[in-house]
Amino acid sequence: MDPSETAEHDTGPPPPGAPHMTPEELRLWGGRFLDWVAGYHERIEDFPVLSQVRPGEVAAGLPDSPPAEPEGFDAVLGDLDRVIVPGLTHWQAPGFFAFFPTPATGPAILGDLLSSGLGVQGMLWASSPACTELETRVMDWLVDLCGLPRRFRSDGPGGGVIQDSASSSALCALVAARERALRGVAGRTVADLVVYTSEHAHSSIYKSARIAGFGAERIRYVGSDPTHAMSPEALATAVAADRAAGLVPAAVVATVGTTSSLALDPVARLADIAGAEGMWIHVDGALAGAAAVCAEFRFVNRGLDAVDSYCFNPHKWLLTNLDCTAMWVADRQSLTDALSVTPEYLRNPESERGTVIDYRDWQVPLGRRFRSLKLWLVLRWYGAAGLQAHIRSGVAWAQQFAGWVRAHPDFSLAAPAPLSLVCFRHRGGDEANRRVLAAVNDEGRFYITHTVLDGQYTLRLSVGAVATRAHHVEAAWEAITAAAANL
Ligand code: PLP
């Protein structure tokens with residue numbers, strides 16, 4: 001449209017603009033909302049851990065249409081208590097022993113607030129230099145803090161990046177693996193490439209491989225040993241069979257701390273096979289990786305000095321709220337070669353000179369939040385000593401629980417419990433275990449979940465919520481044994 005045509009609409013007084021919140025109002029409401037959040041944490045034990053609402057109940061408490069006019073925020077605070085809180089499963093409750101921990105700590109909450117408040121977009125170094133440089137620095141700090149291989153540090157060819165999830169990390173790693181594999185074999189396509197992972201790997205590995213273009217029939221679930229860890233012999237056999245069939249083994253995804261049972265794949269041996277076969281090896285350390293802040297648990301790092309990429313989730317066990325996945329690569333160029341696409345409007349002198357990191361080239365989306373702020377605040381608030389105290393107490397309480405299971409005539413461990421997750425069963429079989437789980441969860445103070453291991457229904461108790469103390473773990477065991485006594 002010719003701009004002059006719009007002139008006829010420019011009659012009358014200028015519009016007043018939207019009723020934005022002023023800095024003064026932000027200060028006022030910010031105080032009240034933070035107060036509400038702090039109060040929520042204070043009241044956390046007053047709620048049943050597992051939400052009691054039926055499907056549709058939360059939606060029924062909300063109007064069908066959005067407000068036509070601005071609303072007072074007092075009503076919002078009221079609705080939080082009336083509609084939202086009853087529909088929450090309280091992941092921050094001390095009796096939350098389900099799935100895996102997802103911490104909301106004070107420093108991480110404040111870091112997220114800063115990120116939102118600054119509202120910068122860290123897609124390029126040039127789009128907010130501090131966003132990139134703080135991220136690089138805290139990722140290097142984490143390498144040192146966790147005793148990770150130095151090749152992951154940014155002062156060599158490697159480097160770290162904060163992703164939104166372990167799933168995205170696996171996706172980026174597999175895209176890089178695909179590109180590297182195709183560069184090495186002329187005349188082949190992704191249809192010829194094979195990915196190997198364990199039958200106990202997280203479902204996100206399959207999903208990532210599919211999104212990265214690998215065929216469903218080219219994703220191999222390698223068998224595992226009795227501890228549910230991937231078998232190197234089975235991997236070698238599968239790779240040999242695929243080579244014989246004319247396929248191209250491209251990537252291995254190992255897990256350090258599987259979701260079901262925290263099984264630890266033998267990364268060093270798998271990396272040997274991957275190296276000999278020219279395959280990319282990615283390691284998913286989603287939950288267990290955080291344990292490496294303690295020197296005595298660095299067995300979770302074994303073999304990482306020979307892998308191409310690795311990630312773990314500070315948003316699971318390292319006191320940082322969602323979302324924050326720490327991912328490292330040994331050779332950052334293989335990642336950026338696979339993920340970098342540069343339109344004219346993103347060109348800028350610093351990127352062209354190649355002297356800066358542009359994290360948009362390390363991830364799927366273009367845009368990125370200032371996530372390193374919350375990790376920075378967490379690291380500064382707790383220090384290494386505070387983080388270690390959290391990991392050590394979680395492991396100690398889980399080990400105590402495992403001891404009670406071992407000593408009980410009706411219960412047994414279903415898997416080794418190397419860290420903070422205990423998988424166990426009542427000897428009464430699947431139905432008895434289902435009933436124990438239901439009885440414990442119905443009571444309201446605790447939430448535990450299940451998995452299936454070796455074909456049997458298995459209970460899982462995962463320790464790591466910020467508010468959990470030894471007595472909560474003890475009370476959970478009492479509730480479990482009481483439920484078993486009533487079978
Ligand atoms: N990998 C493992 C071993 C996990 O336990 C989980 C979460 O349960 C994931 C990946 C998925 O993590 P995210 O939600 O960060 O993608």
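Author: Start with strand β2 (residues 193–198), which runs parallel to β4 and is joined to it by five bridges. This is a predicted model, in which local features need pLDDT of at least 70 and side-chain atom pairs count only at pLDDT 80 or more, while totals for chains, interfaces and linings use all residues. Residues are numbered from 1 along each chain as its sequence is written, and side-chain values use heavy atoms, with hydrogens and water left out.

First, some terms. Strands are DSSP runs of E with at least two residues, helices are runs of H or I with at least four, and both are numbered from the N terminus. Two strands pair if DSSP finds at least two bridges between them.

Now look across from β2. Val195 stands opposite Ala251, a residue of β4. Then turn to strand β5 (residues 280–284). It pairs with β4 over five bridges, again in the parallel sense. Here Val253 has His282 of β5 as its bridge partner.

Is β4 buried or exposed? All eight of the eight residues of β4 (residues 248–255) are buried, so the strand is largely enclosed by the rest of the structure. Buried means under 20% relative accessible area, exposed means over 50%, and partly exposed lies in between (1.4 Å probe, protein chains only). As a general point, side chains in a regular strand alternate between the two faces of the sheet.

Next, the ligand. It is surrounded by 14 residues, and among the closest are Thr259, Asp284 and Asn313. Near means that a heavy atom of the residue lies within 4 Å. Helices α6 (166–184) and α10 (314–317) each supply at least two residues of the shell.

Some polar contacts can be listed. The term covers a pair of N or O atoms within 3.5 Å; within protein, one must be able to donate a hydrogen and the other to accept it, and residues adjacent in sequence count only if both atoms are side-chain atoms. A polar backbone atom of Ala166 is 2.8 Å from an oxygen atom of the ligand. For the side chain of Ser167, an N or O atom is 2.5 Å from a ligand oxygen. For the side chain of His315, the value is 3.3 Å. Taken alone, the ligand exposes 400 Å², and the protein buries 88% of that. These areas come from the Shrake-Rupley method with a 1.4 Å probe; for residues, only the protein chains shown count as cover.

One more strand residue is worth a look. His426 sits in strand β9 (residues 421–426). It is buried, at 10% relative accessible area. Its side chain reaches the backbone nitrogen of Gly428 at 2.9 Å.

Last, a loop. Asp323 lies between α10 and β7 (325–329). A cis peptide bond joins Leu322 to Asp323, with omega about 0°. Most peptide bonds are trans.
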